[in-house]
Amino acid sequence: MPSLSTLTRSMLTRRVVASSHMAITRPLSCRFHSTKHTRNFKPPTSEDLIELRERVREFTKREIPEEFAASVDLTNDFPAPMWRKLGEAGFLGITAEEDYGGLELGYQAHCVVMEELSRASGSIGLSYAAHSQLCVNQLTLNGNEEQKARLLPGLVSGEKVGALAMSEHSAGSDVVSMKSTARPVDGGWVLDGTKMWITNGPDADVVVVYAKTDPDKGSKGITALIVEKGMKGYTCARKLNKLGMRGSNTGELIFDSVFIPHSNQLGATNQGVRILMGGLDLERLVLSAGPLGLMQAALDITLPYVHQRKQFGIPIAHNQLIQAKLADMHVKLSAARAYTFAAAKRVDEDPEAGIDTKDCAGAILFAADRATECALDAIQCLGGSGYVNEVAAGRLLRDAKLYEIGAGTTQIRQMVIGRAFNKEYADHVI
Ligand SMILES: Cc1cc2nc3c(=O)[nH]c(=O)nc-3n(C[C@H](O)[C@H](O)[C@H](O)COP(=O)(O)OP(=O)(O)OC[C@H]3O[C@@H](n4cnc5c(N)ncnc54)[C@H](O)[C@@H]3O)c2cc1C
């Protein structure tokens, strides 16, 4: 089977050919440039994305068959060797620079990988996103060359595990009200506080942490810092026992006078909120592919079942009430997928327009609610079989619910969209 690096080489070759043709007709000033992509990024073609999707499917069939996904849910433990496997396949550095082992394929490609991994296992998909998007992509976009050279190769290969910590017990939706502080000392900062619900927290080697460096300035006094495993005073207090996404290890982190050298400051002092908010847009966009995978998984289980299961002498799929559910599931998935990939395509292909906060929030708002509905429909179509834990339908429901909460809840996404409209229409107030 061709590896992803072979695939990437062929994709990159195609791009080089394409760009050399383009150079004839396009002036240099038209070269692709975006602050949300790496320097050498060229948007993938739809054929590239189809090819990538096939490679990820081959990977999930081989490495994450259903029995494996079920055991991850049952044991509530992330399979540690999976990190290396994901790294070897090239998936952990989808948006990172080639210099550090990444593929520089952008956000459509990231969504493809996220969707297919989540189709196989929601919890592996979620941990994957926390590592590759929240941590690796934040370092890629905001790290300096020294930080990237030091941290990215290990994260991209899967030797190291990454996480991002902004939420706290008392600062979830209102995340900028965080209480963690970092005070300046000779050579760096001293970090104190706790972070709650951190995906990959119990395993993480590298954590992007937000803290108040000038508490009086509120949201304008936040700085992003990089905490590494082994730093004195940094511990994971506990692993949380969750309803769903079991096997995606979630933890509560404690920072007890942790010294953070200046070399581990990410971006400028007191500019953390920009990194945080910019990161949230992309996080929502890439995470919206998680519910897509779960909806596809719901159809994967339901369609064969309703065509095999007979009641009243006919397959239950021949009843119009079941057909209505199948149609709704199909339409919800198709609409959500179209929205996510249209938003990701625009981010990849139209840097001038930039990122539309409304659509990043909108894509996950729509997909998350639809995934919960599809999982419920899958259970209903399977009847008693859907209600027992030997079948994945219940797991899909438990996993899907998370997407209405993590990366900002449904209500916060609605608020983000509403506020964006208020900003756009600020001059229209009568
Ligand atoms: C499995 C899991 C993984 C996570 N991973 C991470 C991670 O890796 N890193 C990280 O930093 N965080 C992570 N989180 C935290 C997540 O981002 C927060 O849980 C989320 O932002 C909601 O915050 P909260 O739980 O404090 O809920 P609250 O903010 O207390 O909200 C509770 C309810 O009130 C509603 N609400 C709040 N304010 C308003 C309002 N103004 N208007 C209307 N309704 C409102 C909310 O929508 C929600 O329904 C994770 C959470 C979970 C469950």
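How many residues of domain 1 are in contact with how many residues of domain 2? In this predicted model, 23 residues of domain 1 are in contact with 17 residues of domain 2, two residues being in contact if their C-beta atoms, placed from the backbone, lie within 7 Å. Local features need pLDDT of at least 70 and side-chain atom pairs count only at pLDDT 80 or more, whereas totals for chains, interfaces and linings use all residues. Residues are numbered from 1 along each chain as its sequence is written.

The protein is divided into domain 1 (46-161), domain 2 (175-272) and domain 3 (273-425); the bounds come from an automatic or database domain assignment. Between domain 1 and domain 2, the C-alpha centres lie 23 Å apart. On the side of domain 1 that touches domain 2, the elements that give two or more residues are helix 3 (66-75), helix 6 (122-142) and helix 7 (145-157). Helices (H or I, at least four residues) and strands (E, at least two) are DSSP runs, numbered from the N terminus. Helix 6 gives the most to this side, with 10 residues. The residues of this side of domain 1 divide into nine nonpolar, 10 polar and four charged. In this division Ala, Val, Leu, Ile, Met, Phe, Trp, Tyr, Cys and Pro count as nonpolar, Asp, Glu, Lys and Arg as charged, and the others, Gly among them, as polar.

The ligand is surrounded by 23 residues, of which the closest are S167, G172, S173, T409 and Q411; a residue is near a molecule if its C-beta atom, placed from the backbone, lies within 6 Å of it. Strand 1 (162-165), strand 3 (188-199) and helix 14 (410-424) are the elements that give two or more residues to this shell. By class, the shell has 13 nonpolar, nine polar and one charged residues. Domain 2 and domain 3 both give residues to the shell around the ligand, so the ligand lies between them.

Helix packing was examined next. Helix 2 (residues 46-63) and helix 5 (residues 106-120) pack at an angle of about 30 degrees, with their axes 9 Å apart. Axes are lines fitted to C-alpha atoms, for helices over the stretch in contact, and angles run from 0 to 180 degrees between N-to-C directions. The two helices are therefore roughly parallel to each other (angles under 35 degrees count as roughly parallel, over 145 as roughly antiparallel, 65 to 115 as roughly perpendicular and the rest as oblique). The contact is made by L49, L52, R53, V56, R57 and T60 of helix 2 and by Q108, A109, V112, V113, E116, L117 and A120 of helix 5. This contact has eight nonpolar, two polar and three charged residues.

Helix 5 also packs against helix 10 (residues 320-349), where the axes come within 7 Å and cross at roughly 150 degrees. That makes helix 5 roughly antiparallel to helix 10. In this pair G106, Y107, Q108 and C111 of helix 5 meet T340, F341, A344, K345, V347 and D348 of helix 10. By class, five nonpolar, three polar and two charged residues take part.

For helix 8 (residues 272-287) and helix 11 (residues 357-382), the axes come within 8 Å and cross at roughly 35 degrees. D281, R284, L285 and L287 in helix 8 meet T357, C360, A361, A363 and I364 in helix 11.
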